[in-house]
Structures are given as C-alpha cells and as structure tokens.
Amino acid sequence: MQRGSLKTLELVRAYSVPVRDERARELVTWYLRTLQKAIDMIWDNIAWGYRFPKLVRKRGRTTVITGLKTRIPMIPKDKVFKKMLRDTLMKDNPYASHWVDAVIRTAYSVMESWRKRYLKGRAGKTKPRIRRRFARCKTTLMKIDYQAKTIRITLRPGEYLTVSWRSTWFEHRVRDWIVGEVVIKDDRIVIPFKSSKEVEIKRVVGWDSNELSLDGYEPSIGFIHVDLRPLQSMKIVYERKKAVAQSKGKKRVYEKYAAREGNRERDFVNKLVAGLRRILPNSIHVFEDLGKEDLVSNKKVEKKRRKRNARTPWRSIHRRMSESALTVFVDPKNTSRTCPRCGYVVKTQVGRTFKCPRCGLEMDRQKVASVNIRKKYLEGGGKGKKAKMRGFPHSDDPEDSMKAELWAGVAPSGRKPMIWAPMKGTLKAMKPRVEGWHQLI
Ligand SMILES: [Zn+2]
C-alpha cells in the first residue's frame, strides 16, 4: 500500500449565540434598508451589452454558439460610480462607516450571484429583493478576545455590541479555532469558526449519488453500498401527511409536518455523514458536481439522472460532507456510460446492468459510475483541473478489488441501526475493519 499524501482540510463550524439587545434589531433594520438601496442603485446603473455569436471550430466543422441571452448585464464597478454609491449611502448612516462598506460588499455579491444565475437562464430580469433579516459584519468591525472568548462589534465609534461564546454548549468544539465574519440577526449572532488540519490521505472514494442509494468504490474495500431507502420512506410518509393537511386547508398542521420532516432529514444526513467519516477516515470523497448537471437541458441528461428526484437531499449530504471531510466534485459527464475496464463509451444503455460491447465487462451501472467518478478525479477531472493526485493506482481492475462489497445503512431516529449484510453470490462480506459504524449510530 502506498503512503498517502498530506492534504489540508479546511473546517468551518457556525454556531449562534442568542442576543437580547434592541440595538441588534435596529442595526439589522438599517442594514436591510441600506442594502436594498445599494442594490437599487447598482441595478439602475447596469449597462446592457450585446453578446456576439461565437464561432467555434471543432473537428473541421464550424459551429455558431449564440448563448442563452443576447444582452448581458454589466454591473458598474468603476471608481466614480463606487464613490457616488458610498457617498449616497453615507448620508443616512448612523453607524460606523465600515458598516456602509460592509453593505456595499454584500450588495455586489448579491448582484454578482444574480448575474451568474441570469446568464445561465436560472433567474429572470428582475431586481433582487432582500427578504432575510441579517447584517453581515466585516473583520474591521470586530475585535476578538480569544482569552475571554468574546467578540466586540463596533456599532459606532465608542459604542459596541459584545457577544461571548464562553460557557456555551459548543465552547469545547471550537477550542483554538479562528473566528470568521459574524452575521447579526434580530435575536442572535451567528459566529463561524474556522480551523484547518493536515490529513494524511490513504484512500480516494468515488461516490455515485442515486435516488435510493449512495454507491461508493475504493480498491482496498471494494464497493460500498449505502442504503437510502429509510430516508425515502420517511419522506413519502410525510408527503402524504402534508398532502392531507393541505387538502383540508390546515396550514398549521402542514407546517408542523414540514418542520418535522426537515428535522428527520437533517438527523438522517448527520448520521450518514458521521458514519461515513468513521468508517472511511483519511479519505478524499469524490462526488459528481450536481450543479453542473443543471446546465444541461433535460433531454440531454441521462434518464437515471432525471430520476434522481428531489426526495434525496443530495445538496445537503454533499455540503455536510464537505464541512467535515475532504471532498471534491467532478463533472458527471459520461460517468455511467464509460467502461471502467477498457474506457469505451457506450452510446445508449438500458436496464441496470452495464454491458461493454468492446471488452465484454458486465457490471451494475451504479458501480460502474462510482469507479468512473473516482477515476475522473485521479486523472485530473476535479474542480480547478489541478486536482490530479499522485501515488494512487489508476488502473482499477474490476476483477480484483470489485469482488468485495460493503453494505451500510442509517436507521432513522429512534431505531436500532440497520447495518451490514453480506452480498449474494460471489461477493464477500466486508473486512472486519469497518465495524465501527454501528457503534457510531
Ligand atoms: Zn470495456
């Protein structure tokens, strides 16, 4: 076995501390009003440019690419405009001037994300409206005392709002962590804590995200099949309950079920992520970049992908994983259509089994995808293109390492964990090293 390489894992944990201070609410109200004003001003000064069709030559053919939008919004960023914006906002500012800068920065990031979504066809030509009540602080407005575990937030020169995380339930969880930019809400302050640690990477696990399962592959273990059906059945039960409440016009009851469903789901995702971390320490987890998939028109998306419906909270699973383990995302293109043995790309495939017309390999399609997703990362298909890892075997010979299979599941809250089951036929049950899972959940 090769020795792993070191990677830095950036960890972020956010906790909130309740604040009973009218000044927090007042600040949030001012912030919201000023932020919307800044957005209004930027919006009114957008220049709508033309995008010209692009000519692309590929394999001797010339293609015209026109894009989704012909007129593109150009957000004003010149010094003159920025000064005018700042001066206008300063006129009605009872707070420290850094607060105006904090507002401007947030306004630009709101506009940039709208612009991105607009160009991708995901947002209309409508001005963003801020509804959430919050005020994002800047580090220049914060003084942190790590000894006393307090954060002093400047409201105006000489006037402060102080918050402490001493004696909170999470105090021990963020010992020696660095405080990031806090977010002020009406009744609480959200503090993000950051830390990084060096992780020695011993495994790279490829994960195929499916509607009813999470299918992983790692050569020293084999396949890892995580059953997600308990989550699905829980969601179906709540969907029915919600539908009944809705048909009877009982809004309160509906909301109660929706909240309960959300809690159950979060609980499931937390247990799943904790379990995966426990049985697969020192790993890089490779997932498909599902955000990228949205860009492809529905027709082009493979059937299997379309079926992966809203019931499986992929985004929250991926996000929770990224918070506590090293994760990378690769382009999902062709991952379930490429032969993991010879690399042949099959045009169309029906059914659960992948059959390679070139080398004759037959394998479950979800397994094929997990092998390919892992391979994609190892060959440099990760985000940023430079994700290529050295020191890991590239040729994943399906015949050797793919005979073992590990089955894992997460039991919904309140029940005993449902755990390992050996596979049928030639597949062997897992090696004893993964026993930690059930102790965990
Ligand atoms: Zn093949």
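Predicted model: local features only at pLDDT ≥ 70, side-chain atom pairs only at ≥ 80, totals over all residues.
**Notebook: helix contacts and salt bridges**

Glu265, Val269, Asn270, Leu272, Val273, Leu276 and Arg277 of H5 are in contact with Ser316, Ile317, Arg320, Met321 and Ser324 of H8.

**How the two helices cross**

Next I looked up the axes. H8 covers residues 314–324, and its axis and that of H5 come within 10 Å, crossing at roughly 45°. Angles from 65 to 115 degrees would be roughly perpendicular and those under 35 degrees roughly parallel, so H5 counts as oblique to H8. I also checked the handedness, and the crossing of H5 with H8 is right-handed.

**Salt bridges, one by one**

How many salt bridges are there in the whole structure? My search came back with 22. I picked a few to look at.

I went to Arg86 and Asp101 to begin with. Their side chains form a salt bridge, with 2.7 Å from N to O. Is Arg86 buried, partly exposed or exposed? Its relative accessibility is 29%, so I noted Arg86 down as partly exposed.

Then I turned to Lys242 and Glu261. The closest N and O atoms of this salt bridge are 2.8 Å apart. Here, too, distant parts of the chain are linked: Lys242 sits in helix H4 (residues 229–247) and Glu261 in helix H5 (residues 251–279), 19 residues apart. I looked up how accessible they are, and both Lys242 and Glu261 are buried.

Lys271 and Asp267 form a salt bridge at 3.5 Å, N to O. Where do they lie? Both are in helix H5, four residues apart, which is about one turn of the helix. I checked each partner against the cut-off, where buried means under 20% relative accessible area. Lys271 has 23% relative accessibility, so it counts as partly exposed. Asp267 has a relative accessible area of 26%, so it is partly exposed as well.

How values were computed: Residues numbered from 1 in each chain as written. Heavy atoms only, no water. Salt bridge = Lys/Arg side-chain N within 4 Å of Asp/Glu carboxyl O. Buried < 20%, exposed > 50% of the residue type's maximum accessible area, 1.4 Å probe, protein only. Axes fitted to C-alpha atoms, helices over the stretch in contact; angles between N-to-C directions. Parallel < 35°, antiparallel > 145°, perpendicular 65-115°, else oblique. Left-handed = near helix turned anticlockwise from the far one by under 90°. Contact = heavy atoms within 4.5 Å.
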